2 protein chains.
Amino acid sequence: MPAPRAITTGTAKESPPAYQQIKNFVLEKIQSGAWKEGDLIPTELALCETFKVSRMTVNRALRELTADQLLVRYKGSGTYVAQPKFQSTLIEIRSIAQDIRERGHRHSSKVLLLDSVRASELQARRYRIAPGALLFHSVIVHYENETAIQLEDRLVDAQAAPGYLEQDWAALTPNEYLMRVAPLPTGQYSIEVKLPNREVAAALDIAPTQPCLVMDRVTFSKNAFTSNATMWHPGNRYKFTGRY
Amino acid sequence: MPAPRAITTGTAKESPPAYQQIKNFVLEKIQSGAWKEGDLIPTELALCETFKVSRMTVNRALRELTADQLLVRYKGSGTYVAQPKFQSTLIEIRSIAQDIRERGHRHSSKVLLLDSVRASELQARRYRIAPGALLFHSVIVHYENETAIQLEDRLVDAQAAPGYLEQDWAALTPNEYLMRVAPLPTGQYSIEVKLPNREVAAALDIAPTQPCLVMDRVTFSKNAFTSNATMWHPGNRYKFTGRY
DNA sequence: TAGTGGTCTAGACCACAGC
DNA sequence: CTGTGGTCTAGACCACTAT
C-alpha cells in the first residue's frame with residue numbers, strides 16, 4: 001500500500017484526521033486477521049513513511065490503541081497485537097432512576113427507613129473505618145411506574161456525607177447525591193442470587209420464595225469509605241442488560 | 001530552551017512525566033471539589049504557563065482526561081468538568097476458565113452435546129441471519145475443581161467458525177476459540193435469575209428449585225453474527241464479582 | 001551500537017464560539 | 001474580531017532492547 005494519504009488532497013470532502021485513519025488501518029488489520037495476537041506490527045517510523053505524517057501523529061494513534069488494550073508496546077522492542085480479552089464483557093450498571101427514565105417510564109421512590117448507627121467490628125474491618133464510627137442508614141424502594149423494582153439498603157459514612165439525613169430523596173437519589181459529595185469513586189461489587197427476608201419481600205411486594213438479583217457495592221472516594229449499597233431486584237421482573 | 005520546567009529541577013529523583021503531573025493536578029481539583037461539575041477550567045495556554053510546558057503536553061493531559069469522561073471540551077468555548085456518571089458500575093465478566101485459574105483452582109469441562117442445527121425464524125431475526133442458516137450448537141459444563149459452576153449453552157454461526165465442531169474443548173474454551181476466529185466482538189448481554197429446566201439442573205447437579213444466575217450474550221464480529229451463549233450458574237455457589 | 005518507543009518543544013493552520 | 005480547542009510538523013533527548 002503506497003498510500004498517499006488521500007487525506008486533504010484536492011477538493012475532496014472532509015476526511016477523518018490522520019491519526020484516526022491510522023487507527024482504522026490498524027483496527028482493520030486486526031479485525032481481518034491479517035495481524036494476529038502477539039504479532040509485531042510496523043514501527044512508528046515505518047508508519048510515518050506509509051502515511052506521510054510526522055511521528056507524533058503515528059504515536060498518538062498507537063498510544064490510543066494501546067490505551068484500548070488492542071496493542072502492547074515495549075520500549076526498545078516494538079509494538080505488538082495484544083492478547084485478546086477473552087470476550088470479557090464490560091457491563092455498565094447505571095443509576096436506577098436514570099435507567100427508568102431512559103425507558104420512558106416514571107421513577108418514584110419511598111423512604112422506608114432513615115437513621116444513624118454505629119459501625120460494628122465487622123463493618124469497621126470491611127469498610128476500613130474505626131469501630132463505633134457514625135454511619136447513616138437508609139432503606140428506599142424504587143418504583144418503575146407503580147411497580148417496585150429495587151430495594152436499596154445503604155450505609156453511608158457520616159463524615160463523607162454529613163448532610164445525608166437532610167436530603168430530599170424525591171428530588172435526588174442517594175446515588176446522585178453521593179456522586180456530588182464524593183466524586184471519582186472506586187470500589188468492589190458483587191452480583192448474586194438471594195432469597196429476600198420477610199421485610200425485603202414485603203417492601204418489594206413479592207413472595208418470600210421469589211429469588212432476587214442482588215447487587216452489593218462498596219465505594220471509596222479519596223481512599224476513604226463512602227458507602228455500601230445492597231440493591232435487591234425481584235428476579236421475576238428485573239434484569240441487567242446492556243451493550244458492549 | 002529557557003524553561004527549566006520546575007519539574008525535574010535539581011538532582012531530584014525521577015518524577016512522573018509532565019502530562020501526568022497535569023492530569024494529577026486536574027484530578028486533585030475535581031476530587032477535592034475545588035472544581036465542580038460544569039465548571040470551566042483553565043485554558044490550555046493558561047496551563048502551559050502554569051506548568052511551563054508546551055501546548056501539546058497540556059493538550060495530551062486534557063485529551064486523556066476527556067477520553068476518561070472526566071472533562072468535556074468544546075471548540076471555541078473551553079474545557080469543563082463533566083457530568084458525573086452517577087456511580088455507574090463497569091463490570092468485567094471474564095472467561096470462566098481464566099477466572100477459575102486466577103483463583104488458583106483447577107478448571108475442567110465436559111461436552112454434553114455438539115451438533116448442528118438450522119436457524120429458526122425467531123433465531124434468524126434475533127441474530128440477523130437467514131432462516132435455515134447453519135448453526136453449530138454446543139452444551140458444555142465447566143467445573144471449578146470438581147464442582148460444576150457453569151453450563152454454557154452456545155449457538156455459533158457456521159460461517160464465522162467453520163472448524164467449531166472439530167475443536168478440542170479440553171485445551172481451549174469456546175470463548176477462547178471464538179476470540180481467535182472472530183476478534184473485536186460487539187454485542188448485547190443480559191443478566192437475570194431463572195429456574196433451571198430438568199436437563200440444566202441435572203448437568204449442574206442442583207435441585208430444579210435452585211435459582212440460577214443466567215448470563216445471555218449475543219456477539220457480532222465485523223457486523224456479522226458470531227455466537228449466542230447462555231451461561232447458567234448455580235445461585236448457591238456462584239456470583240459475579242469485581243472492582244472498578 | 002543501532003533501533004525502538006516515551007516524551008517534549010515551539011511553532012503552525014484550522015474550525016468554531018462568543019462578542 | 002479574539003480566544004478556544006483540534007490537529008499536525010520536524011525536529012529533539014532519553015531509556016530501554018537487541019545484537
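How many salt bridges does the rule find across the interface of chain A and chain B? The rule, which asks for a side-chain nitrogen of Lys or Arg within 4 Å of a carboxyl oxygen of Asp or Glu, finds six across this interface. This is a predicted model, in which local features need pLDDT of at least 70 and side-chain atom pairs count only at pLDDT 80 or more, whereas totals for chains, interfaces and linings use all residues. Residues are numbered from 1 along each chain as its sequence is written, chains are lettered from A and ligands numbered from 1 in the order in which they are written, and side-chain values use heavy atoms, with hydrogens and water left out.

**Interface of chains A and B**
- In chain A, 55 residues are in contact with 54 residues of chain B, contact meaning heavy atoms within 4.5 Å.
- One of the salt bridges joins Lys239(B) to Glu192(A), with the closest N and O atoms 3.8 Å apart.

**DNA strand D**
- Around DNA strand D there are 25 residues, of which Ala18(A), Ser54(A), Thr57(A), Arg55(B) and Gly76(B) come nearest; a residue counts as near if one of its heavy atoms lies within 4 Å of the strand.
- Of the atoms of DNA strand D within 4 Å of the protein, 59% belong to sugar or phosphate and the rest to bases.
- A backbone N or O atom of Ser54(A) lies 2.7 Å from a phosphate oxygen of DNA strand D, while for Gly76(B) a backbone N or O atom lies 2.8 Å from a base oxygen.

Definitions and conventions: A polar contact is a pair of N or O atoms within 3.5 Å; within protein, one must be able to donate a hydrogen and the other to accept it, and residues adjacent in sequence count only if both atoms are side-chain atoms.
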